[in-house]
Amino acid sequence: MRRPRIVFAGTPDFARASLASLVAADRAPVAVLTQPDRPAGRGKRLTASPVKKLALEHDIEVLQPATLKGDDVVAELAVLEPDLVVVAAYGLLLPQRVLDIPRAGCLNVHASLLPRWRGAAPIQAAILAGDTETGVCLMQMTAGLDSGPVYACEATAIGPGETAGELHDRLAALGADLLVRELDAVLAGDIVPVEQDEELATHAPKIGRTDAALDWNLPADSLARRVRAFNPVPGAWFMLDDEAVKCWQAQAVEADAAEAGRVLAAGSDGIVVACAGDALRLTRLQRPGRRPVSAREFAGQVDLAGRRL
């Protein structure tokens, strides 16, 4: 039986899990598309993506175009004669000319229960919204943003204290397993993808540093979700004098009404800050250029009693 010719497109650790699963299942792609090497670390040295590193370990051809719009890139992909292109957190849009190349189309491993949370940051969006459930979907790619019909989904509960980093790792593994489980059926045309309900669609835009700022005028439960959603990237933060302090752990607590941003207590069990009608207890913080510390250690570094953040 002829082995399917798969091209894999992905870049970060989320995509690496799917590529590793394909390799382990004897479905290694004939080539990998990944983002060009980027500067990273204090030395800003060019660094290969997690997907590229894994592909090279298994002697898989790696392609790193800056765009997929050029005739040369389209021709290079067409020569590979792929049966299927599998995409997971690649970072570049696939133009229609590329979508039309593989016999069985292009399949995307997406980290949400579509049509909820289309876009670049579905994991963070689910936590920010207070969703109790999310999951992964295998979607047939179209020209629209995550709007193609869906082959299969797998749901999972979001833990009450789960961070985006923790949920990311679980969804990456869940998506990798679902991909391998349904791959042959997709290639054989045994699964008819189901169209998404456009009326239920929500959008999860890319996250920037300003999105992670803690606004003390918001309810504490909303702020606690922000701390979880932006852990580890980019990290929720607030200003203390001229320093942007990151908060890595926090919980909503009951408190008497007080001016938003006012520090109500600072001790071994946390730094309690007044919010909209309640308060947020900060338990792990990090000043610029320093390591993360407990609230007790942080309170020993800075006099916070009665201050307004």
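The chain exposes about 14900 Å² of surface, with carbon and sulfur atoms supplying 51% of it; such areas come from the Shrake-Rupley method with a 1.4 Å probe, and for residues only the protein chains shown count as cover. This is a predicted model, in which local features need pLDDT of at least 70 and side-chain atom pairs count only at pLDDT 80 or more, while totals for chains, interfaces and linings use all residues. Residues are numbered from 1 along each chain as its sequence is written, and side-chain values use heavy atoms, with hydrogens and water left out.

Turning to the overall build, the C-alpha trace spans about 70 × 45 × 30 Å along its principal axes. There are 8 helices and 17 strands, taken as DSSP runs numbered from the N terminus (helices are H or I, at least four residues; strands are E, at least two). Of the 309 residues, 49% count as buried, meaning under 20% relative accessible area, against over 50% for exposed and partly exposed in between (1.4 Å probe, protein chains only).

One spot on the outside is Asn-217, exposed with a relative accessible area of 56%. Asn-217 belongs to the loop between strand E11 (203–204) and helix H7 (220–229). Setting aside neighbours within four places in sequence, Asn-217 is in contact with Ala-260 and Ala-276, where contact means heavy atoms within 4.5 Å. Lys-53 lies 164 residues from Asn-217 in sequence and 44 Å from it in space, C-alpha to C-alpha.

Elsewhere, the charged end of Arg-209 sits over the ring of Trp-237, 4.1 Å from its centre (the rule asks for NZ of Lys or CZ of Arg within 6 Å of the ring centre and within 35 degrees of the ring normal).
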